[in-house]
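Me: I would like to go through this model feature by feature. Please give the general idea where there is one, and then the case at hand.

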Amino acid sequence: MGRSPKIVLTADRTLMSPYRGISLASFFGCAPALDPNRDHSSFWYQILRNQVTPRVLFDFICNPIDHTNGYANYAPYGLRKVEAALLRDGYSREDVVVAHPDHVEKFIGPETQVVGTYEMDPLGMGPVTMTFTYGRKHMSYDEFYNRDLHYRINAAKARSGSKAKVIAGASGTWQYNYDPAKIEEYGLYGIVEGELGGIGPEIDGAAGSFFDALSAGEFDIANPFKKSQFKVEIKEFVRNDKTLHGRFIHYWNEPSVDEIPNIVNPSMHGMIEVMRGCGRGCKFCDVTLRPLRYYPVEKVQKEIEINMKYGGLKNAWVHSDDIFVYGLNPRTTKNMQPNREAIEELFNGIMATGIEHANPTHGTLAGAIADERLIPNVSKIVKSGPDNHIGIQCGLETGSIRLIGKYADRKLSPYRPDEWHWVVKNGIKTLNENYWVPAFTLIMGLDNDETPEDSWETIRLIHEIETEQPDSKFTTTPLTFVPIGLLEKSDFYDIGNTMDPAKLGVMYKTWQHNFKYGIQKFMGKVGRDTPVKNWFFTQLASTLGGVPLSAMEKFARRKGPEHERVIEKIKATYW
Ligand code: SF4
């Protein structure tokens with residue numbers, strides 16, 4: 001290879017895997033990888049050493065993405081946006097490389113000025129991960145492979161004599177504030193943050209000027225008097241009598257739709273974006289701090305065409321934070337009533353590209369049922385059916401009427417908080433009738449304000465749905481509360497130390513639901529391309545699916561009679 005590229009962009013393996021085409025398996029990166037404190041005389045240590053989820057199994061499911069001479073053939077959508085923005089802003093194709101994580105060292109050389117890493121959950125502090133690792137008592141695969149990537153980058157720099165600045169960006173960078181020792185350990189020059197706290201800024205509006213300033217050394221010192229759209233802050237952290245520092249580059253931008261470039265190379269999973277922001281205003285969410293912008297249909301189509309033409313993709317993951325908000329103006333639209341015409345036009349345009357499968361990523365239950373023709377009409381357009389289920393992630397958040405009213409009342413709009421249970425039940429019914437399967441997320445310890453009665457309301461709600469609609473299809477994933485959005489000054493919910501019996505009950509009930517109604521009853525019926533593959537994954541899921549239940553029962557025995565009684569009560573009354 002001749003001259004090394006000026007800018008190398010990459011992401012770790014967990015963000016660069018097709019996960020063998022299994023939908024929702026990308027969550028697997030949140031699984032625990034290592035237990036650093038495992039007793040050396042224990043049975044599991046003899047078998048697995050420190051490994052929790054065996055690495056051979058993880059690496060099998062999280063298979064590496066294809067590459068061409070080290071160039072990633074597919075990359076996270078956000079990374080593709082930065083790539084496209086740099087090319088738009090005058091960088092040449094030779095200057096910008098999106099590298100496969102296993103081949104990043106090929107590209108780092110003396111002329112490399114910047115290595116940019118795209119990080120969603122770099123230290124395993126995302127809500128799902130915190131749940132699976134008991135609040136980081138274990139190291140997750142997200143963290144494990146992010147660490148591995150940084151070690152490789154540093155080794156490549158040392159080998160080639162490169163002085164490249166390593167900069168971490170994207171929505172997970174806030175995590176370095178909570179474990180600043182990693183900044184030094186990974187040799188990070190800087191961390192990109194938004195001005196409103198730690199949320200990821202939308203850098204694709206001004207990527208060229210950002211990387212110009214970075215390469216020119218403008219971020220080397222913090223100068224509060226210098227006029228710049230980028231602000232440098234050297235943060236000081238004191239941890240265990242040690243003073244640590246980190247360079248945080250603050251940037252807040254709201255690029256208009258015209259300023260957001262279209263991707264020029266294929267994205268992971270056929271991901272494309274149709275809007276940014278969400279007007280529903282849930283207090284625990286950072287998306288809602290961003291203004292709403294909608295992509296016109298033609299812009300969406302152009303990105304799908306890139307994925308089809310250069311990536312051979314036949315599916316589109318249609319990213320939004322609430323697809324049912326698309327096309328409406330939250331300031332003037334009464335009660336967040338969906339703009340059905342705009343949503344239908346969007347999906348008609350998506351299917352007109354010739355794509356075979358289109359799947360919105362997120363949506364609210366209230367939005368799904370606020371217009372009774374919406375889901376049936378969109379279902380016709382995307383051709384959902386027994387062999388074409390549409391999975392959609394929805395925030396169930398809590399069964400507590402009190403909590404939903406206090407923290408997320410507009411999520412329910414046009415309905416009232418006291419109608420929440422009705423909305424959930426009707427939402428599931430409507431979605432299922434049209435072959436949509438909601439994957440619910442719940443927040444445990446919301447703002448550290450969840451009482452045992454709130455938790456029992458959640459358990460009862462899930463059980464009511466199971467008994468009233470026994471054939472309903474949905475999954476439930478409890479996530480621990482992470483202080484972001486308008487609650488960024490709150491404390492993390494510490495699942496490892498403060499899980500009261502009722503919250504253990506929520507975890508137990510949600511997983512029991514997934515196991516009994518999801519894995520055992522439904523999984524084998526979801527069509528996959530071959531019966532053998534179908535059988536293999538059903539067997540695997542059935543075997544692994546029972547493990548968390550036994551682990552929670554063991555945890556309850558360790559914690560004492562109150563925790564045990566909750567498990568017994570769920571088994572007797574809410575099974
Ligand atoms: S509906 Fe979802 S994306 Fe919108 S503010 Fe609420 S949690 Fe955030």
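Reply: Start with a pair of strands: strand 17 and strand 18 (residues 436-444) run parallel and are joined by seven bridges. Keep in mind throughout that the model is predicted.

Me: What holds two such strands together in general, and which residue in strand 18 is the bridge partner of Gln-393?
Reply: Strands of a sheet pair through backbone hydrogen bonds, and the pairing may be parallel or antiparallel. Here, Gln-393 has Ala-439 of strand 18 as its bridge partner.

Me: In what order do the strands of this open sheet come, and which are the edge strands?
Reply: The order is 17-18-19, three strands with parallel pairing. Strand 17 (390-397) and strand 19 (475-480) are the edges, each pairing on one side only. From one strand to the next the twist averages 25°.

Me: Which helix lies across strand 17 and strand 18?
Reply: That is helix 13 (residues 420-433), and its direction is at about 150° to strand 18.

Me: At what angle do helix 9 and helix 11 cross?
Reply: Their axes cross at roughly 10° and come within 9 Å, with helix 11 spanning residues 374-382. An angle under 35 degrees counts as roughly parallel, so helix 9 is roughly parallel to helix 11.

Me: Which residues make that contact?
Reply: Helix 9 contributes Arg-340, Ile-343, Glu-344, Phe-347, Asn-348 and Met-351, which meet Leu-374, Asn-377, Val-378, Ile-381 and Val-382 of helix 11. By class, the contact of helix 9 with helix 11 has seven nonpolar, two polar and two charged residues.

Me: How do helix 3 and helix 7 cross?
Reply: The axes of helix 3 (residues 77-88) and helix 7 (residues 207-215) come within 8 Å, with a crossing angle of roughly 85°. The two helices are therefore roughly perpendicular. Val-82, Ala-85, Leu-86 and Arg-88 of helix 3 make the contact with Ala-207, Gly-208 and Phe-211 of helix 7. Five residues of this contact are nonpolar, one is polar and one is charged.

Me: Last, which residues surround the ligand?
Reply: The shell consists of Cys-278, Arg-280, Gly-281, Cys-282, Phe-284, Cys-285, Thr-288, Asp-321, Thr-364 and Lys-411. By class, four of the residues around the ligand are nonpolar, three polar and three charged.

Terms used
Residues are numbered from 1 along each chain as its sequence is written. This is a predicted model: local features need pLDDT of at least 70, side-chain atom pairs count only at pLDDT 80 or more; totals for chains, interfaces and linings use all residues. Side-chain values use heavy atoms; hydrogens and water are left out. Axes are lines fitted to C-alpha atoms, for helices over the stretch in contact, and angles run from 0 to 180 degrees between N-to-C directions. Helices (H or I, at least four residues) and strands (E, at least two) are DSSP runs, numbered from the N terminus. Angles under 35 degrees count as roughly parallel, over 145 as roughly antiparallel, 65 to 115 as roughly perpendicular and the rest as oblique. Contact means heavy atoms within 4.5 Å. Ala, Val, Leu, Ile, Met, Phe, Trp, Tyr, Cys and Pro count as nonpolar, Asp, Glu, Lys and Arg as charged, and the others, Gly among them, as polar. A residue is near a molecule or strand if one of its heavy atoms lies within 4 Å of it. Two strands pair if DSSP finds at least two bridges between them.
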